[in-house]
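Me: I have not seen this structure before. Could we go through it together, one topic at a time?

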Amino acid sequence: MYLPVPNFEPTSDRVLVRKIEADKSKGGVLMPPSQKMLFEQGIIIAVGPGKKYDNGELVPVAFKAGDHVLFSGGSAADLRMENGEVLWLMTESAILGVVSQ
């Protein structure tokens, strides 16, 4: 399902990611379609302020805009922007790690 969104800023510990298509790993290994569905790559576009706990403590998101990340493919919601671009919204915990450039 797509939600048309003009401008979007994540809340809590959510991150907004632009998916990158990658058929090969950096080492040149071809990624089979079954693996591409499990693990996706993207660039973080925006991050929320962090998760706020009941005691009032705010723990900031560990990632920043511009980070190249690997994430679990089934853990995101699609957002369609006004320009037609589709971005993915997910919680910080869906991100598996940062890909070194």
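Me: To begin, how many aromatic pairs does the count come to?
Reply: The count comes to one aromatic pair in this predicted model. Phe71 and Trp88 form that pair, with an edge-to-face arrangement, 5.4 Å centre to centre and 65° between the planes.

Me: Which parts of the chain does the pair link?
Reply: The pair links distant parts of the chain, 17 residues apart. Phe71 belongs to strand E6 (residues 68–72), and Trp88 belongs to strand E8 (residues 86–91).

Me: Are Phe71 and Trp88 buried or exposed?
Reply: Both Phe71 and Trp88 are buried.

Me: Which residues form a nonpolar patch on the surface?
Reply: The patch consists of Leu38, Phe39 and Leu96, which together have about 270 Å² of accessible area. Leu38 lies in helix H1 (residues 33–38). With a relative accessible area of 45%, Leu38 is partly exposed.

Me: Now for charges. How many salt bridges does the structure hold?
Reply: The structure holds three salt bridges. In one of them, the side chains of Arg18 and Glu85 meet at 2.4 Å, N to O. Arg18 is in strand E2 (residues 14–20), whereas Glu85 is in the loop between strand E7 (77–81) and E8, 67 residues apart.

Me: What about Glu40, which side chain does it meet?
Reply: Glu40 meets the side chain of Lys19 in a salt bridge, at 3.7 Å, N to O. This pair also links distant parts of the chain: Glu40 is in strand E3 (residues 39–47) and Lys19 is in strand E2, 21 residues apart.

Me: Why does Glu40 count as buried while Lys19 counts as partly exposed?
Reply: Glu40 counts as buried because its relative accessible area is 11%, under the 20% cut-off. Lys19 has a relative accessible area of 29% and therefore counts as partly exposed.

Me: And which residue does Asp67 form a salt bridge with?
Reply: Asp67 forms a salt bridge with Lys64, and their closest N and O atoms are 2.9 Å apart. Asp67 is buried, with a relative accessible area of 11%, whereas Lys64 is exposed, with 53%.

Technical notes: Residues are numbered from 1 along each chain as its sequence is written. This is a predicted model: local features need pLDDT of at least 70, side-chain atom pairs count only at pLDDT 80 or more; totals for chains, interfaces and linings use all residues. Side-chain values use heavy atoms; hydrogens and water are left out. Rings of Phe, Tyr and Trp (its six-membered ring) pair if their centres lie within 6.5 Å; planes under 30 degrees apart count as stacked, over 60 as edge-to-face and the rest as tilted. Helices (H or I, at least four residues) and strands (E, at least two) are DSSP runs, numbered from the N terminus. Buried means under 20% relative accessible area, exposed over 50%, partly exposed in between (1.4 Å probe, protein chains only). Patches are made of residues with over 30% relative accessible area and no salt bridge: like charges are joined within 9 Å, nonpolar side chains (Val, Leu, Ile, Met, Phe, Trp, Tyr) within 5 Å. Accessible areas come from the Shrake-Rupley method with a 1.4 Å probe; for residues, only the protein chains shown count as cover. A salt bridge is a side-chain nitrogen of Lys or Arg within 4 Å of a carboxyl oxygen of Asp or Glu.
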